[in-house]
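Subject: Structure handover

Hi,

Here is the structure I promised to pass on. Please open it alongside this note, and I will walk you through what turned up.

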Amino acid sequence: MRTVSAAETAPTTHPWTVHAEGLRVRAGRHLAVDGLDLALGTGVHGLLGPNGAGKTTLMRALATVLEPAGGKLTLLGESVDGRADLRRVRRGLGYLPQQFGFYPRFTVREFVEYMAWLKEMPKSLVPGAVQRAIERVGLADRAGSRMKTLSGGMLRRAGIAQAIVNDPAILLLDEPTVGLDPEQRLDFRELLRDLGTDCCVLVSTHLVEDVVAACSDVVMMHEGRILYQGTPDDLIAQGSAGDAGDSPAERGYSALLRRHRAEAGR
Ligand SMILES: Nc1ncnc2c1ncn2[C@@H]1O[C@H](COP(=O)(O)OP(=O)(O)OP(=O)(O)O)[C@@H](O)[C@H]1O
């Protein structure tokens, strides 16, 4: 039986949650996203690609931190361009950047509350939402600890808590498993699957195994474009015994890159 990807099961009568056509985005002076087409609906989408593929730049554009330099980008049915009022879209977004800033003297609870306030959440909903987000990432027993006293993995989890506090419709997680120990990674996969039941989650990672375990859809980027989109099973089917990698999914990933580079004459 063929597994169906989230992109295929998304309703066709509604706009995609995330839709890009010929999208171009600059990182500094470099055109890091260059003619990218992408359609994402509800589910967990794993974003893979070699260093410098443009994953972070794409994430930053979807988070409305970077303005597109060209092409079309639609988020939650709203067109994102220089003239757009992005407040409604931003209220529906959650974003964990690769590096995020915080006041070191804030407690975990204060940090997540502060982010809820920045997202313009109704005041009466904040305490409950903050508590729920902190519990979901397994930090309830550290809610009163100052951010500066947390380990790297705990900081990452606090970052995820702030990203989900507003129950976003689009959740963007840029390398969220960096610094997590193996047990936390397993918990995180479960959290991802749970979040993906009613949210469009895009998670960038170099850990192909996390994608296979937790994602319904694999999106692979190379040189600013989408090289491949399919299910984890489809990704695995791309590889063979001779391809580089320690697992069937890694071999599928290597095979796709190898073929693409061969076709491009590199
Ligand atoms: N501020 C900048 N100025 C110039 N070039 C940049 C800037 N930021 C990124 N780039 C370049 O843009 C390209 C894409 O970078 P990006 O960080 O989006 O890739 P990535 O896929 O997230 O990489 P990684 O897996 O290493 O995090 C790279 O070639 C990078 O060197």
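Which residues of α2 are buried? They are K55, T57, L58, M59, R60, A61 and L62. "Buried" here means that 20 or more other C-beta atoms lie within 10 Å of the residue's own, "exposed" means 12 or fewer, and "partly exposed" is in between, with C-beta atoms placed from the backbone.

Two notes on how to read this. Residues are numbered from 1 along each chain as its sequence is written. The model is predicted, so local features need pLDDT of at least 70 and side-chain atom pairs count only at pLDDT 80 or more, while totals for chains, interfaces and linings use all residues. Helices (H or I, at least four residues) and strands (E, at least two) are DSSP runs, numbered from the N terminus.

Helix α2 is mostly covered, with 7 of its 8 residues buried. Just after α2, T64 takes a positive phi of about 65°.

The axes of α4 (residues 108-118) and α6 (residues 152-164) come within 8 Å and cross at roughly 30°. Axes are lines fitted to C-alpha atoms, for helices over the stretch in contact, and angles run from 0 to 180 degrees between N-to-C directions. The crossing of α4 past α6 is right-handed, a term used when the near helix is turned clockwise from the far one by less than a right angle. On the α4 side V108, F111, V112 and M115 take part, and they meet A158, A161 and Q162 in α6. That contact has 6 nonpolar, 1 polar and no charged residues. Contact means that two C-beta atoms, placed from the backbone, lie within 7 Å.

In α5 (residues 126-136), the buried residues are V130, A133 and I134. Seen down the axis of α5, they fall within an arc of 95°, so they line one face of the helix; the arc is that of the directions from the helix axis to the C-beta atoms. These buried residues pack against α4 and α6. Just after α5, G138 has a positive phi of about 75°.

**Single residues to look at**

Most residues other than glycine have a negative phi. L76, in the loop between β4 (70-75) and β5 (78-79), has a positive phi near 50°. L76 counts as buried because it has 20 C-beta neighbours inside 10 Å. D167, in the loop between α6 and β7 (170-174), has a positive phi of about 45°. D167 is partly exposed, with 16 other C-beta atoms within 10 Å.

Finally, S254 sits in helix α10 (residues 248-263). Leaving aside neighbours within four places in sequence, S254 is in contact with G239, D243, A244 and G245.

Best wishes

Conventions: Nonpolar A, V, L, I, M, F, W, Y, C, P; charged D, E, K, R; others polar.
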